[in-house]
Amino acid sequence: MQSQFDALARKEPGGDAVEFWFARDLQAPLGYARWENFMTAIKRAIESCRTTDFDPEHHFRGVTKMVAIGSGAERTIDDFMLTRYACYLIAQNGDPRKEPIAFAQSYFAVQTRKQELIEERMNLIRRLEAREKLRASEKALSDNIYERGVDDAGFGRIRSKGDAALFGGHTTKAMKDKYGITQTRPLADFLPTLTIAAKNLATEMTNHNVQQADLHGESAITNEHVQNNTSVRQMLDDRGIKPEALPAEEDIKKLERRVKTDEKKLGKKSGRLPDLGSEP
């Protein structure tokens, strides 16, 4: 995919030429079979550009092309010239579960084409996505058990006992002490992607089973959550992975701020599209 995106990049002649891509060239590599569906993603990206205080005209330029349709005949089609920033926004508005979209989000986010930097960015995005999924699943569980007689303090105790089961007897507080984390910060903000995903799986299982078995009360829900974390730990242990032995990673809040800062820089460094009118 990297070679493909590299080959599709264009530059107009000139010392300060801006690198750009044609939307029609990116449609298939990004996994869109129909232009109409791809246009939906482009329109969302244009709105995203506008909300970040960049002029969409500088990054999305509508053009027309003549294409052959057989027997020497041609017809006009619409297209867009897209800066790197525009391509990044389109990828951001796509489905990250699709491998081409996930790759494109990282490819267009970095100014250099060094593979190791693209891979580093992809790992960062995976961790951020895993953390967001865990936030959502914990909120869903909190809302669910609140209706079943468990308040916020009870949810905290349930989560802590689940952590102790996942981390081999180490409580949430013990893991924070081990990692040197302030007690007011969430443990998950400093966990590696694998451990975040493990916590999310156990939480999703608890949420599902609480509803399926119609569990009520802190005791019953605690037992369910502990069992699920114990099962997830056993699965990891079978593969030689001990969650409590994995090193902490950088504060995810710092990573989120870095991503936002990088997006702003990308918008500026991508440059402005030249006013070329129609593309022959």
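**Exercise 1.** What volume does the second largest pocket have? Then work out what lines the second largest pocket.

*Solution.* Note before starting that this is a predicted model.

Step 1. Take the volume: the second largest pocket has about 400 Å³.

Step 2. Go to the lining. It comprises 13 residues. Nearest the centre of this pocket lie Gln92, Ile125, Leu128, Glu129 and Val259.

Step 3. Assign the lining to elements. Helix H4 (84-92), H6 and H11 each give at least two residues. H6 has the largest share, with six residues.

Step 4. Sort by class. The lining of the second largest pocket has seven charged, four nonpolar and two polar residues.

**Exercise 2.** Describe how H6 packs on helix H7 (residues 152-166). Is the crossing right-handed or left-handed?

*Solution.* Step 1. The two axes come within 10 Å, and they cross at roughly 130 degrees.

Step 1. Classify the angle. Perpendicular ends at 115 degrees and antiparallel starts over 145. H6 is therefore oblique to H7.

Step 2. The H6–H7 crossing is right-handed.

Step 3. List the contact. H6 brings Glu138, Leu141, Ser142 and Ile145, while H7 brings Asp152, Phe155, Ile158 and Arg159.

Step 4. Sort these contact residues: four are nonpolar, three charged and one polar.

**Exercise 3.** How many cavities of 30 Å³ or more does the structure hold? Identify the lining of the largest cavity.

*Solution.* Step 1. There is one such cavity. About 40 Å³ of space lies in the largest cavity.

Step 1. Its lining consists of Glu138, Arg159, Gly162, Asp163, Lys199, Thr203, His225 and Asn229.

Step 2. H7, helix H9 (193-212) and helix H10 (218-238) each give two or more of these residues. H7 has the largest share, three residues.

Step 3. Count the classes. The cavity lining has four polar and four charged residues, and no nonpolar ones.

Step 4. Link back to Exercise 3. Glu138 and Arg159 line the cavity, and both residues also take part in the contact of H6 with H7.

Note on methods:
Residues are numbered from 1 along each chain as its sequence is written. This is a predicted model: local features need pLDDT of at least 70, side-chain atom pairs count only at pLDDT 80 or more; totals for chains, interfaces and linings use all residues. Side-chain values use heavy atoms; hydrogens and water are left out. On a 1 Å grid over the protein atoms alone, a cavity is a set of points where a 1.4 Å probe fits but cannot get out, and a pocket is an open set with protein on both sides within 12 Å along at least five of seven lines; lining residues have an atom within 4 Å of a point. Grid points are joined across faces, edges and corners, and a volume is the space filled by probe spheres set on the points. Helices (H or I, at least four residues) and strands (E, at least two) are DSSP runs, numbered from the N terminus. Ala, Val, Leu, Ile, Met, Phe, Trp, Tyr, Cys and Pro count as nonpolar, Asp, Glu, Lys and Arg as charged, and the others, Gly among them, as polar. Axes are lines fitted to C-alpha atoms, for helices over the stretch in contact, and angles run from 0 to 180 degrees between N-to-C directions. Angles under 35 degrees count as roughly parallel, over 145 as roughly antiparallel, 65 to 115 as roughly perpendicular and the rest as oblique. A crossing is left-handed if the near helix is turned anticlockwise from the far one by less than a right angle, and right-handed if clockwise. Contact means heavy atoms within 4.5 Å.
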